Structure formats: C-alpha cells, structure tokens
Amino acid sequence: MKEFLGSIEYNKNGDILISSSCLTYQNWSGSYAVIDKQNLTKVDSNYLPNNFKFFDTAKSGVCIARWASNEKFLIGTDCGKVELIKWNDEKFNIIMSKEEHDGLVTCLDRKFNSEKAVSGSSDCRIKIWDLNEAMSVRTFRGHDYPITSLTLNHSDAIRMISTSEDGKAVLWDMRKSKPGFNLRHGLKSYPTCSAWSTDNSDAIVLGFATGHIGVYDLRNMSLGTVHKIHERAIRQLKFNSLKLLSTASDDSASKVYQSVSDKSLKLLYSYKHRDYVTDLDWNPDDKLSYVTCSWDGTFKNHQVNFKISNGIKEFI
C-alpha cells in the first residue's frame, strides 16, 4: 500500500509533523505522525508513517497538517474538515473538529502560538478560525476555482496571500470591510503558492503551475523579473533567515536559490525525488538544513553547502 506524503513541518522545538494519504480499494484514508527531535536521527526516511512511534489515522484523506504551537496542530481533510489536535503523553486528542468546507481542505496557515488560523478549499472559500473558541469567524469568497495556497504574513497575521486555479493571486487585509485585492501578474498560468520575503513585508514571491517564480512588489502592485526554475508546477516556496529560497515541485525536484540581484538567481542546491515533491520546511535549529516530503512515500533531510565568513555569504 503506497503512502502519499502530503505535508511536512517543524515546530519550534524541532519536532516534525507529517501527513499522508493512501488509496485502499476505492477509498482514501489518511494519517498523521509526529517525529520528536530526540528520535529524528533514528528514523529511516523510507518508513511509512504508520511505522512511526507517534502515529494516528483519520477516516478520510489528510491533505495538509500544520503546527499551531509546539503541542497542537491542525489538519485539513478531503471531506472538508478542519481539526485541531493536541499531542501530549504520546497521545493525540482531538479538541476541535469542524466540517465547514464543501470540498477538500487544500491549504492551512496560522500564526504560531496564536488563536488565529486560516483554511482554503476546493470549494473556493477561505475561512478564518478562532482556535480558542474552536470555531470559524469569517468566510472570504474571492475565487472561482480551487484555492491552491494561503500564506499569512506571520509578523502581523493581518495580511495574507491566496492563490487559485482561477489564475488569481489575492492580497487580503483582514482589517478592511472589503479585504480582497487582486494582484495582477499577467502570466498565462495560475499561481500555485507564495512566500513572504523575510526582510521586506511588501514583497512576496509567487510560484506558478508552469514552474516560474516572480517577485511581486506590493507597493507598486507589479510583478518583477520572472524566472523559469522548474519544469512543472511549484507546490511550495519558503525563505529561511539567510534569505535562501527553497522550492518543491511536481517535476520531483527540490531546489535552493540565492537572490544575487533583483534580476538574478543563483542555484545552490538541487535534489530529485522519485515522484511529486509536495512540501518542505527549514530546520529551526540549522539555517542550512531543510526537509522535503514526496508522493514517493519518503521524506528527505537536505544540507546546503553555504557559509558566512566575516559577514559575507559564500557558496561552497
């Protein structure tokens, strides 16, 4: 039975959360697992999630999982359900379970250690969640086709970017009565993911179904230089504190780039899985280490050969 790993993420302690789905006859089922930091080096990345020590199953496919704090995490399922789960004493306790979407929950995001979370779905809707009250508090409708990603600005958790198969990227400002603003990019493709710059809150990177990325300037409302970096859709983009950009793509590759100038990227690292690369995250304890997961059923730790000497960043 093949496990399709769908998401992977570190918490602040360095523990890893993984979600997966598998097809049994005509039914999809899902699972989630936590690998604590102490056992991470002992775990074979080729293990199926049900081989992990801290593991549980869901009655439907688990599309995505995200940490809400070091002890709690969210999952989104293919039946439209969002659940908040507490992990302690080697047990999982569901403390919120709401089926409020009419399709797959395709994306989740949250501000770490806060009460706010957001979910997006194939039903084209975005929901804002109050985790303390265990309920959704707002619903945004700004897309005509399934939502492919949601990215909160984690410095304020007031603004977020949504992307969709309808071709739109939308900037949402939750303080406003009309919160959505369409970010016109002009590409003949739809955006699949986004990432906020770590040093400029008015700049985001958009990834596209054609394998392109581009930096969008929110002050000028314009897309800058576009780069073709993958052969197929980009599923995830993430910056680290050194402003290195890691990517995950349907072409089975994960790459790391350094921005040399406004118009130039330098490839630092590349790795090829045997199937779609679905998610990635940077290690909170090592600025040059990150992890990916794939539909090939494995997760992989990566180390980028990059050093800082006298304030100057150098590729080895």
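The model is predicted, so local features need pLDDT of at least 70 and side-chain atom pairs count only at pLDDT 80 or more, while totals for chains, interfaces and linings use all residues. Residues are numbered from 1 along each chain as its sequence is written, and side-chain values use heavy atoms, leaving out hydrogens and water.

The side chain of Asn11 also reaches the backbone nitrogen of Gly14, at 3.0 Å. I found Asn11 in the loop between strand E1 (4-10) and strand E2 (16-24); strands are DSSP runs of at least two residues, numbered from the N terminus.

Is Asn11 buried or exposed? Asn11 is buried, with a relative accessible area of 1% (buried is under 20%, exposed over 50%, partly exposed in between, with a 1.4 Å probe and protein chains only).

Next I looked up strand E10 (residues 116-121): five of its six residues are buried, so E10 is largely enclosed by the rest of the structure. E10 pairs with strand E9 (residues 105-110) in the antiparallel sense over five bridges; two strands pair if DSSP finds at least two bridges between them. Here Asp109 has Val118 in E10 as its bridge partner.

I then followed E10 to strand E11 (residues 125-130), and they pair in the antiparallel sense over five bridges. Lys116 stands opposite Asp130 in E11.

Note on methods. Helix = DSSP H or I, 4+ residues; strand = E, 2+ residues; numbered from the N terminus. Polar contact = N/O pair within 3.5 Å; in protein donor to acceptor, adjacent residues only side chain to side chain.
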